[in-house]
Amino acid sequence: MKLKSGYIENRHGDELFVAITEAPAASGLVVMCPPLLEEATYCRLDYRGVARQLIELGFSVVEFDYAGTGDSTGEHLEADLKRRADDIEVVVTAATTACNGAGNLILFGMRGGANLCLDAAHRDNTRRAIAWFPVTDGNAVIEDWLQVNTMTQYAAFGSVRFSKNQLLETLADEGAINVQGFQVSEALVSQVRRLDLSCLPVAKAGQAQVVLEKTRDSATLARHLESQGYEAHETAARRFWQSPRMLEPAHPDPWAHAARFLAT
Amino acid sequence: MNLSQANRLGEQAFECRLGDDTLRGIVHVPATPLGIGLVLMPAGYKYRTGPHGFYVRLARVLARHGIHVLRADFRGLGYSDGELPQGMIQKLWQNVEDGCFSDDAAALADALRARFGLSHIAAGGICGGAITAQAAAAARPGSIDSLVEINAPVVRTRMPGKAAPKRTQEIEREKANYFRKFLSWSAWRRVLTGASDYGSIFRTLFSRTGKSEADSAPDVSVNPLFDSSFEQTNAHGTFKLMLFGGKDARWFDFADLYLATRLSGRESGNSWRVEIVPDANHEMFLEAWQADAVSRIDAFLHERAAGR
């Protein structure tokens, strides 16, 4: 199977980089939704590992970059979750009109990409979703982003020139702050802050599988998601999406769940 | 799926063969070429976009100024064929520092030169990208004509549990921070309430400024591949821009272990030039640092294009 890549235009005039590996008699089509910010880079090998396993199972796989990230054009500063969702729709539309196996469309994502793929599945209930380690608490993510900024200030200047509260004021006044090298907009921050997995809408049976990072609260959340129609699992994760300590892109536990889900 | 082969910025997919594998990347083709190209090498496991997309932003500026730029992945990374061995990330970094990707680097440089008929090929990248390019240039002098090294690692990565010795500038910086805290009420409150790390404070205040563990054995920590490939590229006349973030540990290592000793403190020579982006960290997070780095690399490559 050969990997083809190129560009398609999104609704805002940006050109999205898309790579597709098409199986000849595919049993389905998987569109992989990347995480947000540097987590997309940290998870790149993990996405590659999952893509290979999907291809071995006979799925066609589409990978892409949101506008302003990866190999796509556009400015990261213009990014918000609405635009990310638009980009997913553009890729899904192009892929389903052209690919083998498009009748069985699955969206896959990790971290923020997991939240976005669940969202995309809710827009059309013929789609299914596999969501690994989604963001369960948007406030905690924003706290991490602010922490990265203040740590950068400290390392560079020996002091924190802008506290977290002052960064939020800067965000409100100037519309952007720097997070790990990315210019992040107020819209993105406010939308990520509102991410809350306990508020997901009800899912159709068999439509969505969620693998949660095992934490003190994950069992409660898993039970709640199951009551909402999701297949939910918990698994220990080494937080490879932050700064991986190990290269182990196969993720055997989540993959075992995914393989069963894909077989149904 | 109907995909455009190139985008409106002149960027397109690029492939080259290496044995049975295909290396994949994106080439930025300038509208008005100067005949010079730059190959940006992945930094560790971070693939062809570079940390926080820095390679993409750098490549777009350089392409606007007439330079072909190839951002590509080595075997096992990004969209290229091959597998990376599983295991600790530090082991991958050590393999990179030992030159495990220098064949990939040379193959990419040769492919970019051949495809566009370029007269001069520069190569480089951040950290692992820098040492890979330098090792490839040393081993295959005909492939790479000059080097753009950003925060090049002069020492090999330490495995977890082995603390890095502090370098002169780190110790001085930490002392300056403690002096600032000496005047701060909130810092005194942390000391008085037992919230401070007393051991760390003691070790820093009583470290010998200007001395480090490495000073007693200055050559032990230097990566032999860095040393030999630096010398070989000097002998070949492969000019190197050694660009560092002023607050990056790689700069502290280079300054103490290489600049002060091997280069006798000379920040420029026949085949190298050291430049610093003030205050910048390892991955050049802030926009001002990125802009500074881009402008220095742009100027360096235009000098190379002009034959200087």
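In strand E4 of chain A, the bridge partner of A:Ile20 is A:Val62. This pairing belongs to a predicted model, in which strand E2 of chain A is joined to strand E4 (residues 59-64) of chain A by 4 bridges, the two strands running antiparallel. In general, the strands of a sheet pair through backbone hydrogen bonds, and the pairing is either parallel or antiparallel.

The two strands form part of an open sheet of 8 strands in chain A, with the order E1-E2-E4-E3-E5-E6-E9-E10 and mixed pairing. The edges are taken by E1 and by strand E10 (231-235) of chain A, each of which pairs on one side only. From one strand to the next, the twist averages 20 degrees. Helices lie across this sheet. H2(A) lies across E2, strand E3 (28-33), E4 and strand E5 (105-110) of chain A, and runs at about 160 degrees to E4(A). Helix H8 (residues 218-227) of chain A lies across strand E9 (208-213) and E10 of chain A, at about 165 degrees to E10(A).

Chain A also contains a packed pair of helices. The axes of H3(A) and helix H4 (residues 112-123) of chain A come within 10 Å and cross at roughly 60 degrees. H3(A) and H4(A) are therefore oblique to each other, and their crossing is right-handed. On the H3(A) side, the residues that take part are A:Leu81, A:Arg84, A:Ala85, A:Ile88 and A:Val92, which meet A:Leu116, A:Asp119 and A:Ala120 in H4(A). By class, the residues of this contact comprise 6 nonpolar, no polar and 2 charged.

At the level of domains, the assignment for chain A gives domain 1 (3-136 + 197-263) and domain 2 (141-185). The centres of domain 1 and domain 2 of chain A, taken over C-alpha atoms, are separated by 28 Å. The contact of these domains takes 7 residues from domain 1 of chain A and 7 residues from domain 2 of chain A. On the side of domain 1 that touches domain 2, 4 residues are nonpolar, 1 is polar and 2 are charged.

Chain B likewise has an open sheet of 8 strands, here in the order E1-E2-E4-E3-E6-E7-E8-E9 and with mixed pairing. Strand E1 (11-18) and strand E9 (272-277) of chain B stand at its edges; each has a single partner strand, so one side of each is left without a neighbour in the sheet.

The crossing of H4(B) and H9(B) is left-handed. In H4(B), the residues B:Ile131, B:Gln134, B:Ala135, B:Ala137 and B:Ala138 meet B:Leu225, B:Phe226, B:Ser228, B:Ser229, B:Phe230, B:Gln232 and B:Thr233 in H9(B). The residues of this contact divide into 7 nonpolar, 5 polar and no charged.

The contact of the two chains takes 38 residues from chain A and 38 residues from chain B. Among the elements that give two or more residues to the chain A side are strand E1 (3-9), strand E2 (15-21), helix H2 (44-56), helix H3 (81-98) and helix H5 (138-157) of chain A. E1(A) gives the most to this side, with 6 residues. By class, the chain A side has 18 nonpolar, 13 polar and 7 charged residues. Strand pairing also extends from one chain to the other: 2 bridges join E11(A) to strand E5 (residues 87-88) of chain B, and these strands run antiparallel. In E5(B), B:Gly87 is the bridge partner of A:Leu247.

Technical notes: Residues are numbered from 1 along each chain as its sequence is written. Chains are lettered from A and ligands numbered from 1 in the order in which they are written. This is a predicted model: local features need pLDDT of at least 70, side-chain atom pairs count only at pLDDT 80 or more; totals for chains, interfaces and linings use all residues. Ala, Val, Leu, Ile, Met, Phe, Trp, Tyr, Cys and Pro count as nonpolar, Asp, Glu, Lys and Arg as charged, and the others, Gly among them, as polar. Two strands pair if DSSP finds at least two bridges between them. A crossing is left-handed if the near helix is turned anticlockwise from the far one by less than a right angle, and right-handed if clockwise. Axes are lines fitted to C-alpha atoms, for helices over the stretch in contact, and angles run from 0 to 180 degrees between N-to-C directions. Domain bounds come from an automatic or database domain assignment. Angles under 35 degrees count as roughly parallel, over 145 as roughly antiparallel, 65 to 115 as roughly perpendicular and the rest as oblique.
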